[in-house]
Structures are given as structure tokens and as C-alpha cells.
Amino acid sequence: MPTLLWFRRDLRCHDHPALLEAAREGGEVLACYVLDPRLEASAGARRLQYLYRALRNLSDNLDGELLVTRGRPEQRIPALARAISATSVHASQDHSPFGRRRDEAVGAALGEIALCATGSGYLVSPGRIIKSDGAPYRVFTPFFRAWRRHGWRAPADSGPASARWIVPADISGDISERVEIPSVTGQLIFEAGEDAARSQWREFVAANLADYRARRDRPGLDATSRMSAHLKFGTIHPRTMAVDLHSGDDAYLRELAFRDFYAAVLHHWPDSAWRNWNRDFDAIEVDDDETAKQAFEAWKDGRTGFPIVDAGMRQLASTGFMHNRVRMIVASFLVKDLHLPWQWGARWFLDQLIDGDLANNQHGWQWAAGCGTDAAPYFRVFNPDLQGAKFDPHGDYIRRWIPELADVADVHKLGTGRPSSYPEPLVDHAEERQEALRRYRRLG
Ligand SMILES: Cc1cc2nc3c(=O)[nH]c(=O)nc-3n(C[C@H](O)[C@H](O)[C@H](O)COP(=O)(O)OP(=O)(O)OC[C@H]3O[C@@H](n4cnc5c(N)ncnc54)[C@H](O)[C@@H]3O)c2cc1C
């Protein structure tokens, strides 16, 4: 019998367990993707461009046999399934709060037709690693140990030729709401799609994996893998990557474990998407008046007068990416120097980032704000100038993103050498540090 394969955050053909399951049904398979207007409205322009490009690559790899439609999945998926007389719909498991709600609605609307979820976009699916008493882990290091002990399967042996695909044009039933993949013209710094994911990974393994631990914290070196958007859209499975991580150094694997950890935390505490994971922090005093809003605009524009913060915010605005160390610094600055709600920063990141991912982003922010799992202790307030000097010692990253400072000898100590074209510091860091500590101490 024919089967529907519904792609979501798994825009690839290799290492795709749900594709194999759909093919195993024995009949022909219709590959489809539903452009959900709710996600198109919230994704941010660059992330959408990236999605459309990844879809085009998927469609090319399927010789054009990908049916794209637009609408509410709980209407479109049953309509497509009925149009081909499918007895089942296959998909990869989506653990996000939105994905779970959507899949429940689609499952209910499908009625007799089974919605089968196989595999996930993680090395170990959220919810699998729990303590012996059944409780979820709240701290990363013991999670990491249990996660390694648990292990994961070898990559699934799938590819475009694993299924007999239904040619969308041959479908006689009503699929009138078929749409073209939107065309995009803007430039992105990352190439999208499965082919790009696989070559990006091979290049990273050859050139940078061996020195990853030593160089990963240096934003000026471009020494990280830049695989985050590929992982977000599932154009590669982390298992495919883990095959290359057999050396003794587990620094890279640890980052993939962080990704699994935050997905698990969001799975167990879906409210932590926008609320403090540690509810003791609900009482913290934050600023949200007119002055706070102006400070927020300066932060977004990269005009705070703190070079490492501004460099990061300008990298984000101009490319849709920011180096991890700098994400930590700008987040700490927003929360502890400007005393703004972490949700403001998280929302801006989700709007701008190509790799914007609810679990990683919200828990990255909560780490910085001190209210998340394993959070930075409240008394550790990053000094932006010292962070800049430590992680961008020659100022290469700062000069790359702040042209006003291109000719300044020491970008970490501007003092009287601050060019008139570059803003004065928005706040006095030492004073705001004390203010942050005072607010945190009030929590008791
Ligand atoms: C405030 C803040 C917001 C963040 N928002 C996001 C986000 O929206 N989407 C996102 O994918 N990552 C986010 N991160 C995590 C991290 O900054 C990015 O994953 C990383 O910078 C991506 O670059 P890379 O692929 O070169 O990383 P690499 O250093 O090469 O890491 C490899 C992979 O491991 C994962 N990873 C690395 N660091 C982390 C981390 N701290 N937490 C979870 N997974 C990690 C990513 O999938 C990454 O692609 C955020 C971090 C902070 C501090």
C-alpha cells in the first residue's frame, strides 16, 4: 500500500530511519513537506531562506519527487494521505513542545491512518536518559556520563534510492494545494541542504577537529564546525557525525551531548521555553521601562560601547550567526549589566539566528541568566573587556566587525583612544555588576 513520508526537521535522505520504515511498508512512498504558516511567520527571514534552500536540495536529491504544500498540517497531511490512499504516515519524532502538539493534532485528524514516528534528530532521544528513580537529570555532567553509557545506534543505511517514490504529478487525487518551494535571492553565509552539511562536516573533520578543544573558544579563528543550522534542520544526523569522533578527545562529543541535554530538559519541562527553569528566579527584579528599551535597542544594534559585545551583535545582525563564546558574553551583558529580562534577548536571537533552536537558545540564555540547569552561578558576572582580551587577544574578531576600531592599537583598553565614531560605554560595568549582585542576593 502507498505510504506518506512527512519531512520536518530531518531534511536529508541519508541516515534517516523514518525513510527506511516508510520504504519497509513495501509500497510506493510520497515524500512531502508542509510549509506551516505559523512557523513561516515566526522563523525570521534568514532562517526561512535557509529552510527553502535545504528543501530545494532535498527535492533535487529526490529527482524533484518532493511534494511541497502549505497550510495547517492537521489538514494537509490527512488530505495528502487520502489522495494517495495511504494506510500510514511516517515521520521522524519531533520532541519540541510545538512539534508534540502539532503531531497530536495530526494523529487525531488522521483517524484510521497510522502516524508512525521513528528516530529523532538526537544521538539519544529526549526522555531516554533518566536517573534510576525515574527523575530527569538537572545537571549536565552526570547526564553526560549516563548518556555515554547508554550509547546510540550506528547510522541507518538509507539514501534517495531506498524507496520507490511516487511522482507528485502522477497523483490523481486532489492535491490542488501543491506549492513551489519559495525562491530566495539573498546571500547566506552558510550553504543549506544535505550535500552542504556532509561536505561542511568533512572539511571540519579534516581541518579543525583535532584542535577543536584548544581553539573552540576563540571567535577570531573560525575554528568551530558551524554545523548548528544543519543540525537544527536535520540535513545531517549527529550519529553520522559521531562516527568520526573516535579520537580520545571528547570535546566535540560533549557539545553534541549539550544539545541532547537541553532537548531533554525542554522535553521534561516544556514551560521552561519562556519561563525560568528555576522558579526561584521569578522574583528577580528586571528593568523594562523606557530607558531599558533604549538600552535593548543599543544592544541589538551593537552600539553599547563594549567592543566584544558590539562585535558579536553586529556579527549576528549581518550574518545570522554568532560564535558561542560571544553568545555567552552578550547574553551575560544583557542580563547582568543591563538587567533586562533574558526573554528579550532570547526572542531577538530566535529572530536573527539561522540556527535558532528553542531548546539550545532558551537554555543557553537561562544558563547566562543563572536561572537554568547548570547555570552560571549568579556571582560570576562576565567582565566584557576581560572576556574580550582573553578570547580575542589580538582583537581580530573585534576589528572584523567594528570598522570604527580597525586602526585602534588596543581594542580592549580604549580609554582616551576611543574614536569619536564609536559610542561611549552605555553603562559602568563595575557599578552594574554590584547592582546585579544586589538583585540576585535579594532572592535569598
Ligand atoms: C545565549 C545562547 C544562545 C544560543 N542559541 C542557540 C541556538 O538558537 N541554536 C543552537 O544550535 N545553538 C545555540 N547556542 C549554542 C551554541 O552557541 C551554538 O550551537 C554554536 O555556537 C554553533 O556553532 P558551531 O556549530 O560552530 O558550534 P560547535 O562548537 O562546532 O559545536 C558543535 C555542535 O554542538 C552543539 N552545541 C555547541 N554548543 C552548544 C551549547 N552550548 N548548547 C547546545 N548545543 C551546543 C551545536 O549543535 C553545534 O553545532 C546558544 C548558546 C548561547 C550561550
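I count Ala, Val, Leu, Ile, Met, Phe, Trp, Tyr, Cys and Pro as nonpolar, Asp, Glu, Lys and Arg as charged, and the others, Gly among them, as polar.

**Ground rules.** The model is predicted, so local features need pLDDT of at least 70 and side-chain atom pairs count only at pLDDT 80 or more, while totals for chains, interfaces and linings use all residues. Numbering runs from 1 along each chain as its sequence is written, and side-chain values use heavy atoms, with hydrogens and water left out.

**Second largest pocket.** I noted a volume of about 840 Å³. A pocket here is an open set of points on a 1 Å grid over the protein atoms alone, where a 1.4 Å probe fits, with protein on both sides within 12 Å along at least five of seven lines; lining residues have an atom within 4 Å of a point. The volume is the space filled by probe spheres set on the points, which are joined across faces, edges and corners.

The lining has 35 residues, and Leu 39, Ser 42, Arg 47, Phe 98 and Lys 232 lie nearest the centre. Which helix gives the largest share of this lining? I found α5, with 5 residues. Helices (H or I, at least four residues) and strands (E, at least two) are DSSP runs, numbered from the N terminus. Domain 1 (2–120) and domain 3 (272–442) each supply at least three lining residues. The domain bounds come from an automatic or database domain assignment.

**Largest pocket.** I then turned to the largest pocket, with about 1100 Å³ of space. Its lining takes two or more residues from each of α6 (140–150), α9 (228–233), α11 (251–268), α14 (324–337) and α16 (358–369). The largest share, 7 residues, belongs to α11. In total 41 residues line this pocket, and Arg 216, Glu 255, Asn 324, Arg 327 and Asn 360 lie nearest its centre. I sorted the lining into 18 nonpolar, 10 polar and 13 charged residues.

Why does this pocket lie between domain 2 and domain 3? Because domain 2 (123–154 + 194–268) and domain 3 (272–442) both give residues to its lining.

**Strand β2.** Next I checked β2, where 7 of 7 residues are buried. Buried means under 20% relative accessible area, exposed over 50%, and partly exposed in between (1.4 Å probe, protein chains only). On one side I found Val 29, Ala 31, Tyr 33 and Leu 35 buried, and on the other Leu 30, Cys 32 and Val 34. β1 and β2 run parallel, joined by 5 bridges. Strands pair if DSSP finds at least two bridges between them. In one of these bridges, Leu 5 has Ala 31 of β2 as its partner.

**Helix α4.** I listed the buried residues of α4 (73–83): Pro 73, Arg 76, Ile 77, Pro 78, Leu 80, Ala 81 and Ala 83. Their cover includes β1, β2, α2, β3 (66–70), β4 (88–91) and α5. Just after α4, Ser 85 takes a positive phi of about 55 degrees.

His 339 sits in the loop between α14 and α15, with phi near 60 degrees. I found His 339 buried, at 5% relative accessible area.

Note on methods. Contact = heavy atoms within 4.5 Å.
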